[in-house]
Amino acid sequence: MMESTRMPSFLSGVERDPLDTDFIRMNFRSFVQRGILIIMVVNPLHALVLWLNHSAWWQLSLMAMFIQLPFYPLCGQQRSFAVFLPSVLALFSMVAVYIWLFSEHFGSSAGFHYLIMSLIPLVIFAGRIGLRLKVLICLLMAIGMFMAELKLPGTTTNSMSTEALEQLRILNLLICFISISMLTFTHFVTVSRIQSKLQYLAAYDPLTQLVNRRRMGQLAEQEVLQSRRQQYPLSVILADVDNFKMINDRHGHPVGDVALQHVSELISAIARDTDSCCRWGGEEFLVLLPHTNLQGAIQVAERIRQQVAATPLNAHDLELEMQLTLGVAMLMPNEKLAELIKRADTALYEGKRASRNCVVKSDPQSS
Ligand SMILES: Nc1nc2c(ncn2[C@@H]2O[C@H](COP(=O)(O)OP(=O)(O)OP(=O)(O)O)[C@@H](O)[C@H]2O)c(=O)[nH]1
């Protein structure tokens, strides 16, 4: 069942945080599930220490684990928000009650109240609550924890020795440390993954997997500076698919897309590793050729033209012949990148006007 994209009416009063993105929401769900897995380890550890110290409360600890276990699937990514929200609230309340009951019974020296700290990452990374509410919840948790630290003597019936309470306190501190580390580390890994994906999306064209115009602009500016400093020739080829509109109109956009992929593969295969190929616009490609003079660039452009003309596209039960017109220009002393590309563009459109399916060089003398 598709999850509703509209906020449930009972949440309409809740402040929407600008950071409340799908990513944060998905991340929060896997966070809650990790938190449940941590509980699955924590409760048996508590039960073990309590059992070793002859406290009947070990049963309560195990019982809490079995009650919380079914919430794992209820907090999964596929669940609707109407299922997830009550589940996570119930879970949070149960953890709070567990901490409160055990702190009341064993007193602050058993350190159960420290576990409040391990909830901080869950509150901070929650998607649907606003920043002010998060700060308020964290503040309340801090007050609760410090009050417990100062005021809870524990009941007289708990019959735990000072050594046993010390063991519990160390265990709880350890749990706190490990769960905060695990949750923040998980967050760090997810954010790093998303960041590299965003970097990829910002630099590459999704259709052809070539670098996009924005990234090519940066690469080309660096290359212009370097070629000037080290005094080596730098050329560009601007290639445009001939009559591409006709391919789209006759065979549809999906075939047009495959045709663009086909051309980009042929261009990339001919370019050297040190060259950079980019999807410059709709059906335009730019190739940057460092250490290549005008004559060399014309040869590369001619090879690309011939290869595209000789390699029809076979797709969707079609055999489609394609052709390119290419403009070539070499960087002149003191010329700016934009001027260089403009000359290649002018040469390209000379080729379009003349005959198409040809290579035209930009003559620096004539410009
Ligand atoms: N399928 C597909 N078409 C695209 C894409 N980007 C641009 N186009 C199309 O490319 C076509 C370009 O058409 P024109 O600029 O008229 O050029 P042309 O038909 O190749 O003609 P000439 O360049 O003069 O040979 C337009 O129909 C655009 O819609 C894309 O990503 N996919």
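User: Where does helix α11 lie?
Analyst: Helix α11 (residues 294-310) lies across β1, β3, β6 (324-330) and β7. Against β6, α11 runs at about 170°. Angles go from 0 to 180 degrees between N-to-C directions, with axes being lines fitted to C-alpha atoms, for helices over the stretch in contact. Contact means C-beta atoms, placed from the backbone, within 7 Å.

User: And how are helices and strands picked?
Analyst: They're DSSP runs, numbered from the N terminus: helices are H or I with at least four residues, strands are E with at least two. Keep in mind this is a predicted model: local features need pLDDT of at least 70, side-chain atom pairs count only at pLDDT 80 or more, and totals for chains, interfaces and linings use all residues. Residues are numbered from 1 along each chain as its sequence is written.

User: Ok, what order do the strands of the sheet have?
Analyst: The open sheet of five strands goes β2-β3-β1-β6-β7, with mixed pairing; two strands pair if DSSP finds at least two bridges between them. At the edges sit β2 (276-279) and β7 (359-361), each pairing on one side only.

User: How many bridges join β1 to β3?
Analyst: Seven, and the two strands run antiparallel. Asp240, for one, has Glu284 in β3 as its bridge partner.

User: Switching topic: which helix gives the most to the shell around the ligand?
Analyst: α10, with four residues. α10 also packs on the sheet, touching β1, β2 and β3.

Note on methods. Two residues are in contact if their C-beta atoms, placed from the backbone, lie within 7 Å.
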